[in-house]
Amino acid sequence: MYHLSDKFFRLSQLLGGLIATTIIAIIVIVLLIEAWPSVAHYGLFHFFTASGWFPLEAEYNLAPMLTGTLVITLGAMFIAIPLSLASSIFVVFYIHGVYQHLVTRLLELLSGIPSVVFGLWGMIFVVPALLKIKSPGTSLAAGSIVLATMLIPGLVLMCMMAFRQTLEHFYLAGRSLGLTKMQTVIQVLIPSSLPSLSSAMFLQTARAIGETMAVLMVCGNIIQYPTSLFDPVRTLSTNAALEMAYATGDHRSALFTSGLLLLGLVAILLKTSRQRSIPENIACFRSRTRESL
Amino acid sequence: MSRIATFFVFMYGLLIGACQSESALDASPPREKIVISGSSTLAPMISVMAKTFEQDHPNFRIDVQTGGSSRGINDVQLKLADIGMVSRHLEDTDTYRAHTIAQDGVTMIVHKNNPLTSLNKNTIIAIYQKQILDWSGLTTFSGDITVISKAEGRSTLEVFLHYLGLKNSELRPDSIIGDNEQAVKLVVNNPNAIAYVSSSTAESHIKNGSPIKTIQIDGVIPSTENVANGKFPIVRKLNLIASPSPSTAVKQFLEFCSSVQGKRLIEEFHFVPSV
Amino acid sequence: MNPSEKVILGTCIFSITLLALLYGQIVWEITINGLPRLSWNWFTQAPANAGLQGGISSILISTMLIICVSLITATPVALAIAINLSEIPATHSRGISFLRASLDLLASIPSIVYGLFGYAFFVILCKLGFSLLSGGLTLACMILPLLARLFEDRLKEIPIAHFQSARACGMHQWQIYFFVLLPSISRGLIGSIILALSRALSETAALVYTAGYVDRMPSTLSDSGRSLSVHILDLSMNVPGGNQNSYASALTLLLLLLFINSSALWMGNQKSNQERIKV
């Protein structure tokens with residue numbers, strides 16, 4: 001019962017999937033080839049047990065930077081998620097017509113500002129402000145704040161898109177059941193747009209993990225386990241950005257190993273988030289789409 | 001939707017057009033093309049030199065790429081680039097020869113409000129090892145010293161460590177940065193900070209009125225003359241590397257870099273032309 | 001309105017005010033530092049003296065070309081993937097869950113790794129050299145997961161009735177998508193493309209290694225060209241005294257985005273006269 005055009009359509013979909021998987025395969029292969037010399041030379045455990053990260057002295061410990069990445073990302077999302085969720089609710093449900101349109105345009109503009117500019121802003125405003133609290137200013141807190149500032153416009157936009165779509169389906173139904181506006185938002189719209197919201201948050205978390213320039217400029221880049229918010233830290237991706245340009249031999253190879261580690265980290269995050277976030281109703285809903293063919 | 005579709009069809013048309021105009025250009029008489037890649041410190045200066053060179057030699061086309069010294073070496077070895085820019089000392093190998101075009105001092109900078117004028121080697125070591133924590137022991141100024149150092153692999157760090165006779169693991173900085181500009185920006189915003197940067201960067205910032213100042217090291221002012229005559233102790237070499245048997249085009253450009261005109265451009269960027 | 005609702009509304013108002021102040025300050029900073037440099041010459045002259053003098057005309061053109069290449073290669077692929085993903089639930093097919101996992105991995109790769117991948121693959125292996133084409137393709141790989149994810153979310157939100165009634169009319173699958181489903185979400189699709197575009201515009205590290213650093217006016221796609229964000233990075237991090245021009249470039253980037261947004265809006269305008277639910 002499949003028409004030729006349907007087959008062609010299906011084929012093009014498969015091709016798309018193939019392209020995406022090929023890209024990731026090539027990236028992993030490039031990383032593996034480049035990382036192999038250092039792994040073969042030092043063994044995988046060296047990267048967690050060495051005395052520190054001193055490439056000139058052949059010591060490559062990635063563990064503190066892994067911690068730094070996790071802590072900074074966590075901090076940034078801790079700031080960004082509540083702020084963007086609250087503001088996107090306000091923009092979608094309490095600002096109307098032209099004004100809402102205007103806010104959307106402004107957010108789109110803000111999400112296109114290069115991370116360098118946020119980094120510069122952080123160096124000029126955030127770091128000196130934190131310096132007044134505790135020296136040296138360039139710190140975990142500064143990194144998280146700047147990262148959050150960078151992510152919020154995109155996150156708000158994505159949340160707004162999610163709300164706008166579910167709004168059309170559920171808002172009137174909610175109101176007609178006698179719920180107030182806020183009740184509809186909290187009890188109907190947020191749960192029903194949860195899949196889109198969580199995918200937005202995941203995308204931004206992923207971006208936060210991989211972000212280099214802005215973090216590099218404000219977080220101090222000292223390789224250590226942070227003990228307070230005002231301690232400087234270094235993340236895996238800033239490590240690569242800082243040292244890649246001047247690294248040779250095993251040092252360069254070790255930086256690629258850190259890239260692989262970053263991928264591994266994301267894969268683990270994915271695995272854990274995947275188990276919860278597949279919304280059952282949508283899964284069933286879509287399989288019906290296929291069956292109806 | 002139809003407008004979007006039209007737009008995309010239009011864009012694909014443009015793309016195909018662009019690819020075809022490319023093949024049309026290939027048919028035109030070939031021009032001498034030189035690709036230069038490497039150190040981000042040298043890239044702005046070399047791209048200005050390349051433009052000047054292109055003006056005198058209209059059939060030349062020089063593309064300057066950046067991405068770090070190690071990329072410069074890598075690109076020359078892979079023959080992706082004809083000339084590599086390397087901002088550190090290096091030995092000749094059988095794949096490339098180094099041509100030192102300029103020298104650059106590495107100087108200590110502090111905020112303008114800091115009354116400090118001079119430091120000697122032992123004090124610098126004490127500051128960078130956190131044996132001196134406060135400015136009050138050194139000058140009439142007080143406050144926790146914020147020690148800024150550079151990331152592993154930077155040539156400024158290498159020559160700095162070489163001067164101090166220390167290993168990188170023995171330094172205890174508060175903040176590690178990459179580029180010279182970043183150090184200047186941190187010092188501008190933090191009166192208690194001390195950092196070491198390329199003296200060309202420091203000099204052009206002081207000329208532009210940034211609130212920073214350079215410090216005498218062992219009583220020597222980090223001026224261009226002192227770097228040139230070797231009095232100033234911390235100096236790095238800026239090299240161009242090319243294959244041992246370069247093409248005539250590459251040779252011409254390398255000669256231009258050490259010509260009078262080239263040297264004038266080097267001085268404009270506050271580097272010290274090598275003799 | 002009961003007290004707890006008031007608290008929630010208060011939080012919303014507080015956060016939007018906070019954000020307005022924060023971003024207002026950033027944009028203000030860019031504007032007052034950048035505006036004095038903007039003039040007719042700024043848009044029409046090529047940069048001179050490492051970007052300290054002259055304008056940014058060649059950089060604007062390079063940026064536009066890179067963005068065009070990346071968008072027109074990434075959009076169809078992302079759309080194909082998104083249709084695939086939205087139709088088949090991950091629990092039903094191993095291939096799809098693998099595809100989804102690879103997209104999520106792609107989304108979180110640091111841009112510097114993309115740069116090195118583009119350098120190794122497009123520049124060296126595919127022999128494209130340092131060119132606008134390799135830069136655009138690298139960016140396409142970068143925005144692909146973002147676009148696919150956003151498209152997928154939009155597709156999933158189409159009520160199933162649309163699909164079924166189109167099917168009942170005897171339409172082929174591609175007709176259903178191109179004449180019924182995609183037009184009904186054209187606004188969302190354009191919004192997604194703009195988001196991806198702004199991500200692409202703000203990218204630096206990936207482009208330094210692929211599209212390159214040359215600030216000459218590009219004549220073909222195989223020329224190397226510097227994008228606006230690379231120019232901003234270079235002026236603020238490598239060229240002493242380049243601060244003001246880097247702010248002016250950032251302001252230009254904002255203006256460029258404004259221009260692109262409004263033209264995209266014009267293209268997606270057809271939906272806006274449809275009746276929308278009033279909140």
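Predicted model: local features only at pLDDT ≥ 70, side-chain atom pairs only at ≥ 80, totals over all residues.
## Two helices of chain A

Let's start inside chain A. Helix H6 (residues 140–176) and helix H8 (residues 194–210) of chain A pack with their axes 9 Å apart, at an angle of about 160 degrees. Angles over 145 degrees count as roughly antiparallel, so that is how H6(A) sits against H8(A). Their crossing is right-handed.

Who touches whom? On the H6(A) side you'll find A:Leu147, A:Leu151, A:Gly154, A:Leu155, A:Met158, A:Cys159 and A:Ala162. They meet A:Ser196, A:Leu197, A:Ala200, A:Gln204, A:Arg207 and A:Ala208 from H8(A). Sorted by class, the residues of this contact come out as nine nonpolar, three polar and one charged.

## H8(A) also meets chain C

H8(A) has a partner in another chain as well: it packs with helix H4 (residues 94–108) of chain C. Here the axes are 7 Å apart and the angle is about 45 degrees, which makes H8(A) oblique to H4(C).

From H8(A), the residues involved are A:Leu203, A:Ala206, A:Ile209 and A:Gly210. Facing them in H4(C) are C:Asp104, C:Ala107 and C:Ser108. The tally for this contact is four nonpolar, two polar and one charged.

## The A–C contact as a whole

Now zoom out to the two chains. Chain A puts 79 residues into the contact, and chain C puts in 82. On the chain A side, the top contributor is helix H1 (residues 4–42), with 16 residues.

## A look at chain B

If you take the contacts in chain B with a separation of 6 or more, 72% are between residues 24 or more positions apart.

One helix to click on is H6 of chain B (residues 180–188), which is mostly covered. Of its nine residues, eight are buried. These are B:Asn180, B:Glu181, B:Gln182, B:Ala183, B:Val184, B:Lys185, B:Leu186 and B:Val187. Note that B:Glu181 and B:Lys185 are on that buried list, and both Glu and Lys count as charged.

Key: Residues numbered from 1 in each chain as written. Chains lettered and ligands numbered in written order. Axes fitted to C-alpha atoms, helices over the stretch in contact; angles between N-to-C directions. Helix = DSSP H or I, 4+ residues; strand = E, 2+ residues; numbered from the N terminus. Parallel < 35°, antiparallel > 145°, perpendicular 65-115°, else oblique. Left-handed = near helix turned anticlockwise from the far one by under 90°. Contact = placed C-beta atoms within 7 Å. Buried ≥ 20, exposed ≤ 12 C-beta atoms within 10 Å, placed from the backbone.
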